[in-house]
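Here is a short note for someone opening this structure for the first time. Please read the points with the model in view.

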Amino acid sequence: MVRLSTPLLAILGLAADRVYGALEVDLDDPASIKKAAAQVAEDLLTFYHGDEPGMVPGILPGPPPDGDYYWWQGGALWGTMLDYRHHTGDKSFDDTISQALLWQVGPNADFMPPNWTASMGNDDQAFWGFSAMLATETGYTDPPEDQPQWLALAQAVFNEQTHEDRRVPSGNCEWGLRWQVYPSNNGYNYINTVANACYFNIGARLARYTDNQTYADLATKTWDLVKDLGYISDKWDVYDGAHLPDCTDINKAQFSYNAAMLLQGAAFLYNYTDGEQAWKDRIDGLVGRMLEVFFPDNVAFEPSCENAQCNADMESFKGYMHRWMGTTMQLAPYTRETIYPVLKSSAQAAVNQCTGGDNGRFCGFHWAKGVFDGETGAGQQMNVLGALISLLSPDTPAPLTNQTGGTSVGDVNAGSDEPLVPTFTAITGGDKAGAGILTAILIAGSLSAFAWMSLD
């Protein structure tokens, strides 16, 4: 089980006599935030057993009923830890992070390991791609030359999700990215925001990192699709998705990570386009509505489930929202005045309820209640860690590009070109358009990471 080393605890001022007890932090002091974040990170990794003998590196216990977590949350965990590393400078978990990510890349170096086809959605694959992209953008240690490289892994995910086999061929939802990869999966005919927002987000980041307009064009095409389908309302509400054949039965549930994923992608394209007004307008619309919907009384809240019952997936969304709003402040600095005070208030509420567990500092989920709710888990810890590091974001270096210090080696043709369903017509040159970016894959998958929703 991963633990902070005694020397590191001493360096951070977290000697044994101060480790235990309620989580304490001064949110006006970056050093204090980093100390608290180190404690939350240590407690987070008590839920991870992939570095123990006989266990599988990279994943959290699951999927249900064998544990609480689907495969995608492993990818989300390492993204959180990479962000923690970038914001605090703590490199003590590097070996664990690298082993975890590389163990799950799969035989085609695309985050499609055969062992997890039973829970493979496009969003699942993308969350691992997010972590590879974050490793690229933060200058994380590159893998050995004989191993897949971070940038190429992110490109592989994007390439495979670009291919027509993953998409709706015609009609009102044409070119929409399906929720599920495999046609037999429940949810294959659900065209949801999360899958398309994941693709949009990775494309926006690849555009900025590589300075390749093709990525930006595809990301923009995805934004337009999601908006035209009505998944982003005129009030900037972000809805969950709709079904084929025409995507008109919109599920109006709102989850924070959907809006935050779109916001972060918009911020990358705002920065990439040197402040283009269209992307500023989209940032402003999303930020304004997100603060209304997801931060009542300036505390993060999941309106579509928190007053009832959120599952283990939903219990991790607040942390992503905090982190991605933090990135937005880096890439669109004018947003700090609006975003930062709310994130600070929310982080204080988060910390206040971290009084649980044997050490007296584990965190719950219901921040607005002001007291520990008894619900511990990896998602709860990722949430509070995300809240803390988001407060460090404005003064943390912005994501790198390949012109500003990024070193990861890319491959515009990364990913598998093996289709899932055999075709009987020749692949034309048009199928490989976009300067080698568009490639093909469909690999088996069945139950989704978000199987809580009955779709068909």
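1. Start with a definition. Rings of Phe, Tyr and Trp, with the six-membered ring taken for Trp, pair if their centres lie within 6.5 Å. With that rule in hand, look for one aromatic cluster formed by W72, F127, F130, F255, Y257, F317, Y320 and W324. The count of aromatic pairs comes to 26.

2. Keep in mind that this is a predicted model. The average pLDDT of the chain is 89, and 87% of the residues score at least 70. Two stretches call for caution. Residues 1-19 stay under 50 in pLDDT, and the model gives them 36 contacts beyond four places in sequence. Residues 421-456 are also below 50; this stretch has 100 contacts in the model beyond near neighbours in sequence.

3. Now the overall picture. The chain has 14 helices and 2 strands. Of its 456 residues, 61% are buried. Take the contacts between residues at least 6 apart in sequence: 69% of them join residues at least 24 apart. The chain exposes about 16,700 Å², and carbon and sulfur atoms supply 50% of that area.

4. Helix 7 covers residues 150-162. How many of its residues are buried? The count is 13 of 13, so the helix is mostly covered. Its length also checks out. At 1.5 Å a residue, its 13 residues should span 18 Å, and the end C-alpha atoms are 19 Å apart, which agrees.

5. F158 sits in helix 7 and takes part in two of the pairs discussed here. Pairs of rings are described by the distance of the centres and the angle of the planes. F158 and Y199 have ring centres 4.3 Å apart and planes at 5°, so this pair is stacked. Y199 belongs to helix 8, 41 residues away from F158, and the pair links distant parts of the chain. Both F158 and Y199 are buried.

6. The pair of F158 and Y215 is edge-to-face, with 5.4 Å from centre to centre and 70° between the planes. Y215 lies in helix 9 (residues 213-228), so the pair ties helix 7 to a part 57 residues apart in sequence. Y215 is buried, as is F158.

7. Finally, N196. This residue is in helix 8, which runs over residues 193-210. Is N196 buried or exposed? Its relative accessibility is 2%, so N196 counts as buried. A polar atom of its side chain lies 2.8 Å from the backbone oxygen of N192. Leaving out residues up to four places away in sequence, N196 touches R167, G176, L177, I191, T222, L225 and V226.

Key. Residues are numbered from 1 along each chain as its sequence is written. This is a predicted model: local features need pLDDT of at least 70, side-chain atom pairs count only at pLDDT 80 or more; totals for chains, interfaces and linings use all residues. Side-chain values use heavy atoms; hydrogens and water are left out. Helices (H or I, at least four residues) and strands (E, at least two) are DSSP runs, numbered from the N terminus. Buried means under 20% relative accessible area, exposed over 50%, partly exposed in between (1.4 Å probe, protein chains only). Contact means heavy atoms within 4.5 Å. Accessible areas come from the Shrake-Rupley method with a 1.4 Å probe; for residues, only the protein chains shown count as cover. pLDDT is the predictor's confidence in each residue, from 0 to 100. A polar contact is a pair of N or O atoms within 3.5 Å; within protein, one must be able to donate a hydrogen and the other to accept it, and residues adjacent in sequence count only if both atoms are side-chain atoms. The expected span of a helix is 1.5 Å times one less than its number of residues. Rings of Phe, Tyr and Trp (its six-membered ring) pair if their centres lie within 6.5 Å; planes under 30 degrees apart count as stacked, over 60 as edge-to-face and the rest as tilted.
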